[in-house]
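My entries follow in the order I made them.

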Amino acid sequence: MKIITIANQKGGVGKSALSLHIAFYLHELGKKVVFIDLDPQGNSSSVLGKTDFQAVASASSLFQDNFSLDMPLPHAVLLKGDASLVNNLDIKLFVQNMNQLIKSIDDDTICIVDTAPTASALQIAPLIVSDSVVSPIELESFSIAGIASILNTLNNIKEQYNPRLNFLGIVPNRVKGVSHRQLTLLEQLKTSYSQYLLDPEFKINERQAIPEALDQGIPVWRLGKTSARDVGKEMKAVVSKIYQSI
């Protein structure tokens, strides 16, 4: 099983929306998908509850010593985000349970981990077992200044725990295309951090079509509205690139 984590220590950057669209894309390709929602708010779980993803356990059970999925798993699996994710999180147990899960699931299965917006065990733990990580970012000055912190965290994880961790790159997300300030910051990002971008040509514009589609439990490229056409192409290009890179 390959594991990709969507991580950023800041909230409001669109981690869940990107995580969900990766899951939708892989599911449309016929891939076996495991989605782990490590956000206590469980927003991604609420969306996937409207699809054929089947909840088989709570995500908090991965931090407990009685974790087991000794059952035939469906093609699309969800470990739901729950309020217990804020209590007594044991990283060692998480790593142990994830290694058990990896051994019990087919190699061609892809696991997507949606993380909480905090530099805590909920973000560190999945990085220790992941093969890949991608970071959506908001185009604000303080967010771009925080890139160094993201890179430092990933480098520390790679050096101390997980040398195979592959940083796929940064994705500019929720971009306000009419904002001169944000477009200027986008060019600064390309100049200063081009080697860390998933693709210098990729960005995802902020459009109401994305939350509207997720509210229906579908990817934005399936919304069937003119307003979703361009952002649907943007989103699909990003998630396709991520899939090709893992």
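**Largest pocket.** I looked up the largest pocket and found about 520 Å³ of space in it. The model is predicted: local features need pLDDT of at least 70 and side-chain atom pairs pLDDT 80 or more, while totals for chains, interfaces and linings use all residues. Residues are numbered from 1 along each chain as its sequence is written, and side-chain values use heavy atoms, with hydrogens and water left out.

I noted the terms. On a 1 Å grid over the protein atoms alone, a pocket is an open set of points with protein on both sides within 12 Å along at least five of seven lines; a cavity is a set where a 1.4 Å probe fits but cannot get out; lining residues have an atom within 4 Å of a point. Points are joined across faces, edges and corners, and a volume is the space filled by probe spheres set on them.

Of the 27 lining residues, Gly 14, Lys 15, Ser 16, Ala 17 and Arg 174 are the closest to the centre of the largest pocket. Helices H1 (15-28), H2 (43-48) and H8 (209-215) each give two or more residues to this lining. Helices here are DSSP runs of H or I with at least four residues, strands are E runs of at least two, and both are numbered from the N terminus. By class I read 10 nonpolar, 10 polar and 7 charged residues. Ala, Val, Leu, Ile, Met, Phe, Trp, Tyr, Cys and Pro count as nonpolar, Asp, Glu, Lys and Arg as charged, and the others, Gly among them, as polar.

**Second largest pocket.** I found about 150 Å³ here. Its lining includes Lys 32, His 75 and Asp 106.

**Cavity.** I counted 1 cavity of 30 Å³ or more, and about 50 Å³ of space lies in the largest cavity. H4, E6 and H6 each give two or more residues to its lining, and the largest share, 3 residues, comes from H6.

**Helix H4.** In H4 (residues 121-129), 8 of 9 residues are buried, meaning under 20% relative accessible area with a 1.4 Å probe, protein chains only. Gln 123 and Leu 127 are among the buried residues of H4, and both also line the largest cavity. The buried residues of H4 pack against E1, H3, E5, E6 and H6, contact being heavy atoms within 4.5 Å.

Definitions and conventions
Buried < 20%, exposed > 50% of the residue type's maximum accessible area, 1.4 Å probe, protein only.
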